[in-house]
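Work through the exercises below with the model open. Each task is followed by a solution in steps.

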Amino acid sequence: MEGQVTTHSGILGPGRLDRALAELRLRRDREQLALKLTAANQQLEKRLKELTTLYGIGKAVTAVTDLSQLFGRLLEGALLVTESDIAWLFQADESAGGKLLLRATKNFPPLAGLKLNQPWDDGLATLLVLSGEGIHLAGEPLAKMAAGQIVKAAAAVPIKAKDRVMGVIVVGNKSGRPFADRDQSLLSAVADYASVALVNARLFQELEARARGLQQAYDEL
C-alpha cells in the first residue's frame, strides 16, 4: 500500500514511521548535545586550571624572596598552562652588558657543559632580546637552533620591564605539537609575573645597599 513501509516485524504506517524518525532525530540531537557539553566542561576545567595556576604564581611572587626558588615556581606554572614537557629561563646579567644567563630549568635533559648561571645561546632568546616579541616555532626552523636539539616545538616570550628585556622564558615539547597563540599569551602572563619578581628583587637589593650605607655612616659617627 502507498504510504507504508514493510519491515521484518511488519508494516509501519505513516504515523508510526514519522514517530520513529522523530525519535531517531531526537536521539541524535541528545548525543550531539552531550558531546558538546562534555567538550565545554573540559574547556572550563582547563581554563579554571590556568587561572588557578596564574593565581598561585601571583601569590608566590609576593611571598617568595629567593629568586632561584621563584624561578622554579614560574617554570612549573609555565609548564602547566602551556601543557609542555620542558622549560627554561634566562636572566639578563647587567654586570656583563646584558648577557643572558641560564638561571632555571625544568625537566631539562643532561647536556655536557651546560650549567646554571652560565651563558647559553639556544637560538631563541637572542632573537627575543632584539625583537622584544614572543615567538613559537616547530619543525625545520627550530631544528636549526640549539633549542631544537632538546625539543621539537617551542614557545618563548621576553620578560620585560617597560621596553627593556630582563630575561626570556622558553617552553617546549618533545612530541612536536605546535604551540598556538593562546599558549604564547598564557606564557606572557607568566613572564609578567617574572618581571614583577625581578623588579622587586632589584628594589630590595637597592634598599639593602642603602641600609648598609646608612649603618656604615652611623658606625663611623
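This is a predicted model: local features need pLDDT of at least 70, side-chain atom pairs count only at pLDDT 80 or more; totals for chains, interfaces and linings use all residues.

**Exercise 1: strand pairing**

Find the bridge partner of I159 in strand 8.

Solution. In strand 8, I159 has G167 as its bridge partner. Strand 7 and strand 8 (residues 164-173) are antiparallel and share nine bridges; strands pair if DSSP finds at least two bridges between them, and a strand is a DSSP run of E of at least two residues, numbered from the N terminus. Their hairpin has two residues between the strands, and K162 takes a positive phi near 60° there. Strand 6 (residues 135-138) also pairs with strand 7 in the antiparallel sense, over four bridges, with L137 opposite A154.

Residues are numbered from 1 along each chain as its sequence is written, and side-chain values use heavy atoms, leaving out hydrogens and water.

**Exercise 2: burial**

Determine why strand 7 counts as largely enclosed.

**Exercise 3: the setting of S84**

Locate S84 and list its contacts.

Solution. S84 lies in the loop between helix 2 (67-82) and strand 3 (86-93). S84 is buried at a relative accessible area of 13%. Neighbours within four places in sequence aside, S84 contacts (heavy atoms within 4.5 Å) L79, V171, G172 and F179.

Conventions. Buried means under 20% relative accessible area, exposed over 50%, partly exposed in between (1.4 Å probe, protein chains only).
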